[in-house]
Amino acid sequence: MIDQTKFAAAHSNLNKLRDNFGHVIIGQQQTIDELLICVAAGGHVLIEGVPGLAKTLLARCLAYSAQAQDVRIQFTPDLMPSDIVGHAMFDHDQQTFTVREGPVFANVVVADEINRAPAKTQSALLEAMQEQQVSIEGETRELPQPFIVLATQNPIEQEGTYPLPQAQLDRFLCKILIDYPSPNDELQMLQKITHESIANQLDLSRLQAVISLNDLLDIQQSASFISVDAAVQQYIVNIVTSTRKWNGIDIGAGPRGSISLLRAARARALLHGADFVTPDDVKAIATAVLRHRIQLTPDLEIEGYSADDVIANLLQSVEAPRK
Amino acid sequence: MTDIKNLTVLPRPRSAWQAMDAGFTLARAHYIPMVLMWLGFSLPVFIVCIAIQFWTGWGFMLVIWWWFKPLYELPILFFLSRALFSEQLSIKQAWTQTLRHFWTLFKTYLTLSRFSTARSVTYSVVFLEMLPRKKRSTRIQTLTAVKTRHYLLMLACLHIEFVLAYAIITLVGALFFASAIADIDWTVFFESVDQPAVQNWMTAASITTLIAAALVAPFYVAGGFLIYINRRMQLEAWDIEHRFRRFKVKALQTGAIAGMFVVALLLSAHEPAIADDRVPNIMSPSEAYQSITDILEHEDFGSTKTQLVPRNKNPNEDDEDNKPDLSFLEWFADSASSLATIFKVILWVVVAIFLGLLIYTLFQFKQSFTRPSALSRISPEGEDAQSHPLTQDLPIDIVGEAERLLNDGQRRQALSVLFRGALRSVMDEHELKIASGATETDCQATVTKVASEQQSSTFTRLLSVWQREAYANQPQPEESIRALINDWKSAFAQHRQPNSGNITS
């Protein structure tokens, strides 16, 4: 049963985060909302967008606002798994092996251009994302909580990249697409960044921490208590199973898709101050949750349709609960 | 009357390619007036076609415009026929002549013969030689007995026309209307002809087609015309006649010098080198000149003469009187000819009916010629009140059923009936289609757009209560549900159509 006091605090803290983002990031409201939904649901995020659209800034904003420890890893073709999770090294003084923890031991890990590293390195991070722990030299170490990975990738430069396999993409709760800002937002951004400043991006020091790490954990906890009616659960399952038999989809979403959709719908309800999930919550977040879990048929791909088009199409067909 | 001495093209035997080339040179020499002549008829037809495209559609409009192309080309032919012999025909005169020949044009080129590939060559036979029908056919057969390559001329011009049209539209589009072109979804182009962006594109494409055709037409007509002239040169030996004429002129100039040279030779000789009786009868230049002039000026030169010569009858030939009477065969031939004419007319009627049916079928099944996009093939359509799954199994008496369920303590079911009943009422009243996947917010947005204020506010309250009861598992007070039922009655019950659809009692 949900504790209304905790719920109200969680909703308020989530909105504080949202407002704080607004101080640094101009526009991109849907992107911010989807990111907050992922954070509240305790999921990892794959952000896709062309360079210069504040992907990294978004991640750093989250860390600053929640007083979380953040780290940025630039994925390159020569990056090794031990560069991420850490390694054991021999200490001559002590004559023993000591473990040096890698950058993955942080609350918010920004994996920049994740598709530039080879599969072995990608899977090291993805294992940490799934298990919330890493093994170094046979020793298992828990990752700090909350542990959120924000991976970014560039959709236009595909040369020399290692696209994430379907099974690994499944680990991300949502895939968020960042588009160019509107002309008005861009003008505002221009004025804000260049005002008495020689920098080319907004000063993060202006940002204040608005919640603590514990508050962030409470948000995640509160989201998990939000009630979901059986009819809505059935609706979620219907949507996900439809992706497996839909005409335009070659490979549909797996059971992890259903689970992710329910978690994200709960977080969306919390963001909007509701202590229950409606079909609207499910439908609104379904595209972000499912777009990276499905593979389109070749004819749709050839005709230039995206996963978003097909999911929108599918959502119009799957019957919403009414009884 | 034309005279070959006035020819602007040197009469000499040419291949079909060389003849076309000569035609293009002629077209370049008189390009502007020829384009204007072509536009004189094509532009009015084009404007009429643009006006009627709202009824006929773009495809049919372009077919109509294309069908009348021979009409636009005829003034150019009249102009060329004079220009070839160094005469000038004004644009107005060319148009007047075209109108005078319109009926002939209609019979010959605006019916089934429109599909003839030899139009460029046969044009001249029909409109310049003005031969009767039978002689015309023979004449055309004679002219086209050798490879005239007229079909290649047509193919080349057609392709150049297309390339030019697309080049113009792409260039202008890319330079000035790039954003408008970006708005067009090319994958569903033929399904979205009603959209303004597509309409504008089609208008622009039609105009560029007109421009391209205007630019190419002079070359097409001139190419065909010179192929025709080339064949006549070959058949009527214009080149030989021309050489004779040139020789006559030359002889005049060189005759005096040659005469002096011969006299000088004779005077310088003390005795003849050859005996007089052995000297051949060599014609002097003046005699040669006189002889050629006589030949050229003789009435027989250039004319055809039929001479009947009596001959003795061969004794082996049958006597005329013994020949069988074949007059009935003549009667039969006449009857057969009449019958053939009737059949010909019937055949034309059948072809016309067939063409009409074909065009009608094309219009009827236009959709089947355009493949829908992959997404639209799998897209669900909105469903109306009768088939919508959300409104299935609804009782006739919504209010009564809601009250009964409420009395039984089934609040959720009662609200569900009210909610679906309201939705169905609005869908019936406004003939709305709502997708199966429409959630509460989607339904509310649709209903708010079309329903009355009372209906909208009742629907919004109903949604709020329904969501709390159904999804939040928060039991709503019975009084508020009863109040909703009353409001539902006044907002929706009077608009409801009790006999419609799959309603179960």
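Start where the chains meet: across the interface of chain B and chain A there are seven residue pairs in polar contact, both residues at pLDDT 80 or more. A polar contact here is a pair of N or O atoms within 3.5 Å; within protein, one must be able to donate a hydrogen and the other to accept it, and residues adjacent in sequence count only if both atoms are side-chain atoms. On the side of chain B that touches chain A, α16 (374-378), α18, α19 and α20 of chain B each supply at least two residues. Colour that side by residue class and you get 14 nonpolar, 11 polar and eight charged residues. In this scheme Ala, Val, Leu, Ile, Met, Phe, Trp, Tyr, Cys and Pro are nonpolar, Asp, Glu, Lys and Arg are charged, and the others, Gly among them, are polar.

Before you click further, note that this is a predicted model, in which local features need pLDDT of at least 70 and side-chain atom pairs count only at pLDDT 80 or more, while totals for chains, interfaces and linings use all residues. Residues are numbered from 1 along each chain as its sequence is written, chains are lettered from A and ligands numbered from 1 in the order in which they are written, and side-chain values use heavy atoms, with hydrogens and water left out.

**Stop 1: the whole interface**

Select the residues in contact (heavy atoms within 4.5 Å): 33 residues of chain B meet 31 residues of chain A. The size of an interface is often given as the accessible area lost when the parts come together. Between chain B and chain A the buried area is about 2600 Å², with 52% from carbon and sulfur atoms; this is the accessible area (1.4 Å probe) that two parts lose on being put together, summed over both.

How many salt bridges are there between chain B and chain A? The count is two, where a salt bridge is a side-chain nitrogen of Lys or Arg within 4 Å of a carboxyl oxygen of Asp or Glu. Zoom in on Asp442(B) and Lys283(A), whose side chains form a salt bridge at 2.5 Å, N to O.

**Stop 2: Glu440(B)**

Now pick Glu440(B), in helix α19 (residues 440-450) of chain B. Helices (H or I, at least four residues) and strands (E, at least two) are DSSP runs, numbered from the N terminus. Is Glu440(B) buried or exposed? Its relative accessibility is 1%, so Glu440(B) counts as buried; buried means under 20% relative accessible area, exposed over 50%, and partly exposed in between (1.4 Å probe, protein chains only). Not counting residues up to four places away in sequence, Glu440(B) touches residues of both chains, including Pro279(A), Asp280(A), Pro321(A), Arg322(A), Phe419(B) and Trp466(B). Show the side chains of Glu440(B) and Tyr471(B) too: a polar contact of 2.7 Å joins them.

**Stop 3: salt bridges within each chain**

Over all chains there are 21 salt bridges. In chain A, select Asp281(A) and Arg268(A), with closest N and O atoms 2.6 Å apart. Asp281(A) is in helix α11 (residues 279-290) and Arg268(A) in helix α10 (residues 255-271) of chain A, so this pair ties together parts that are 13 residues apart in sequence. Asp281(A) is buried at 5% relative accessible area, and Arg268(A) is buried at 18%.

In chain B, go to Arg232(B) and Glu129(B), a salt bridge with closest N and O atoms 3.9 Å apart. Arg232(B) sits in helix α11 (residues 196-236) and Glu129(B) in helix α7 (residues 119-129) of chain B, 103 residues apart.

Next, select Arg411(B) and Glu469(B), a salt bridge of 3.4 Å between the closest N and O atoms. This pair links helix α18 (residues 411-430) with helix α20 (residues 453-470) of chain B, 58 residues apart. Arg411(B) is partly exposed at 25% relative accessibility, whereas Glu469(B) is buried at 9% relative accessible area.

**Stop 4: Leu77(B)**

Finish in helix α4 (residues 69-83) of chain B, where you will find Leu77(B). Leu77(B) is buried, at 0% relative accessibility. Beyond residues up to four places away in sequence, Leu77(B) touches Tyr123(B), Ser124(B), Phe127(B), Leu128(B), Val221(B) and Phe225(B).
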